[in-house]
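Please open the model in your viewer and keep the selection panel at hand.

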Amino acid sequence: MVRKHVTDRRASDIARREAAELSQTITEQAPDGLYVTDGDGAIVYVNEPGLQMLGYEAGELIGRDSEAALRHVRPGVTTDDAIWRKDGSRLAVVCSSSAVQLDGGTGSVVVFRDVSAQRATFHRSELLYRTLIASLPDTSVFLIDHDLRILVAAGEAISRLSWFDEEIIRG
């Protein structure tokens with residue numbers, strides 16, 4: 001009877017260890033940054049991609065207050081979401097967070113993705129759009145996204161289209 005109990009406990013320990021190793025592998029191989037905070041907002045874990053994006057070494061963020069260390073600007077506070085890197089530069093991100101139960105209470109898991117390149121591309125497109133509008137006053141110009149949705153439009157011909165949504169017209 002005792003032998004079966006010990007065998008069951010060993011099997012359970014092995015299963016738990018394998019699950020922990022799988023979780024660790026997944027978070028370390030994910031393309032996105034991930035950090036976990038405890039109930040007080042102290043950072044208890046940061047994955048390797050997150051450390052690389054932020055310029056930190058392993059362990060440098062552990063125990064630090066997430067708001068103070070990363071100056072994380074959350075959606076709803078401003079229109080952009082950002083995290084600051086170790087060197088003080090701003091990293092444009094999209095992120096999501098969710099509550100997580102930890103031994104010491106409820107913490108949070110924050111997953112973030114660097115969107116600097118996408119935002120830079122949009123800003124270049126916006127600059128080109130404004131240049132075209134200024135240079136070609138008698139021409140209608142559309143700025144469309146990769147799915148061929150019209151983001152903004154300007155020009156006299158557009159204002160004559162009764163079906164065109166007024167909210168995306170800029171002049």
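Of the 171 residues of the protein chain, what percentage count as buried? The share is 28%, where buried means under 20% relative accessible area with a 1.4 Å probe and protein chains only. This is a predicted model, in which local features need pLDDT of at least 70 and side-chain atom pairs count only at pLDDT 80 or more, while totals for chains, interfaces and linings use all residues. Residues are numbered from 1 along each chain as its sequence is written, and side-chain values use heavy atoms, with hydrogens and water left out.

**The whole chain**

**The paired strands**

Select β3, residues 82–84, together with β4, to which three bridges join it in an antiparallel arrangement; strands pair if DSSP finds at least two bridges between them. Tryptophan 84 has arginine 90 of β4 as its bridge partner, and five residues lie between the two strands of this hairpin, where glycine 88 in the turn has a positive phi of about 95°. Within it, serine 97 is bridged to valine 110 of β5.

**The largest nonpolar core**

Next select Tyr35, Leu54, Leu61, Leu70, Ile83 and Phe112, which touch the most other members of the 15-residue core; such a core is a set of buried Ala, Val, Leu, Ile, Met, Phe, Trp, Tyr and Cys residues joined through side-chain atoms within 4.5 Å. The elements giving two or more residues to this core are β2 (43–46), α2 (48–54), α3 (66–70), β4 (90–102) and β5 (105–114), and α2 gives the most, with three. Centre on leucine 54, whose contacts (heavy atoms within 4.5 Å) include Leu61, Ile83, Trp84 and Phe112, leaving aside residues up to four places away in sequence.

**The largest pocket**

Finally, select Phe122, Ser125, Leu143, Ile144, Asp145, His146 and Leu151, which line the largest pocket. The elements that give two or more residues to this lining are α4 (116–135) and β6 (141–144).

How values were computed:
1 Å grid on protein atoms, 1.4 Å probe; cavity = no way out; pocket = protein on both sides within 12 Å on 5 of 7 lines; lining within 4 Å. Helix = DSSP H or I, 4+ residues; strand = E, 2+ residues; numbered from the N terminus. Buried < 20%, exposed > 50% of the residue type's maximum accessible area, 1.4 Å probe, protein only.
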